[in-house]
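Hi everyone, thanks for coming.

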Amino acid sequence: MSVRNNLLNIRKSVPPHVKLIAVSKTMPESVIMEAYAAGQRAFGENKAQEMSAKQPHLPADCEWHFIGHLQTNKVKYIAPFVQMIHSVDSYKLLHEINKQAAKHNRIIPCLLQFYIAEEESKFGLDRAEAEELFKTLMDNPLDNILIAGVMGMATFTENMQQVRKEFANLRNIFEWLKKTYFADKESFKEISMGMTGDYLVAIEEGSTMVRIGSAIFGERNYK
Ligand SMILES: *Cc1c(COP(=O)(O)O)cnc(C)c1O
């Protein structure tokens with residue numbers, strides 16, 4: 001199967017209100033260009049330096065979504081061009097994104113990453129941490145970031161009932177934040193959930209952005 005055919009097939013199962021992000025991490029520019037030629041514009045990367053190295057070599061109308069763990073000292077590499085940062089899990093990181101965005105006269109849309117899986121993971125907020133973050137944010141507002149929604153990763157399992165429960169939990173978190181902090185803000189609207197193995201379930205549970213890598217580009221070779 002070609003990248004083009006993979007994309008055409010996936011698009012058939014992704015409704016128009018859900019944005020498809022092609023996760024191009026580890027993929028060379030030539031392969032990303034195959035997706036571009038098939039009309040794909042939104043790409044996802046999980047390493048700041050890899051993303052900033054690729055971006056200048058690809059067409060300017062590509063949208064770059066950062067989806068991996070982001071260290072504060074790496075924000076500067078992506079701040080000039082990143083379309084959205086899906087993986088914000090602390091006020092400290094938001095503060096740094098705000099600072100780097102201001103340098104480029106930008107407002108960077110960010111999603112708050114929540115920890116919804118059963119697996120051990122260092123990344124993602126829980127509800128109490130989110131409340132804490134919003135408390136800090138209300139006392140110290142940041143003008144160069146925009147919180148546009150939430151992101152999460154389900155447990156890596158074949159048990160789709162479990163995955164569905166975790167996605168439903170993320171949707172509940174989204175509704176709670178919307179009601180509590182963003183009732184009058186239309187810009188808080190994204191739920192980034194769903195990858196190759198679980199995106200159909202994610203869409204059923206209310207996803208607005210799916211992040212799909214291997215189903216488009218094939219298996220990744222990590223060196
Ligand atoms: C790699 C990655 C994806 C895509 O994974 P696939 O299973 O290849 O579709 C999605 N989200 C995040 C955060 C990732 O790191």
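Strand β3 and strand β4 (residues 84-88) run parallel, joined by two bridges; strands here are DSSP E runs of at least two residues, helices are H or I runs of at least four, both numbered from the N terminus, and two strands pair if DSSP finds at least two bridges between them. In that pairing, His65 stands opposite Met84 in β4. A quick word on the source: this is a predicted model, where local features need pLDDT of at least 70, side-chain atom pairs count only at pLDDT 80 or more, and totals for chains, interfaces and linings use all residues. Residues are numbered from 1 along each chain as its sequence is written, and side-chain values use heavy atoms, with hydrogens and water left out.

Now, which strand is joined to β3 by four bridges? That's β2 (residues 42-45), also running parallel to β3, and Glu45 stands opposite Phe66. Between β2 and β3 the chain passes through helix α3 (residues 48-54), a right-handed β-α-β crossover: with the strands pointing away from you, the path over the helix runs clockwise from the first strand to the second.

On to the ligand. An oxygen atom of the ligand sits 2.7 Å from an N or O atom in the Lys25 side chain, and a ligand nitrogen is 2.9 Å from a polar side-chain atom of Arg211. Gly213 uses its backbone: a polar atom there is 2.8 Å from a ligand oxygen. Taken alone, the ligand exposes 390 Å², and the protein buries 90% of that, by the Shrake-Rupley method with a 1.4 Å probe.

Terms used:
A polar contact is a pair of N or O atoms within 3.5 Å; within protein, one must be able to donate a hydrogen and the other to accept it, and residues adjacent in sequence count only if both atoms are side-chain atoms.
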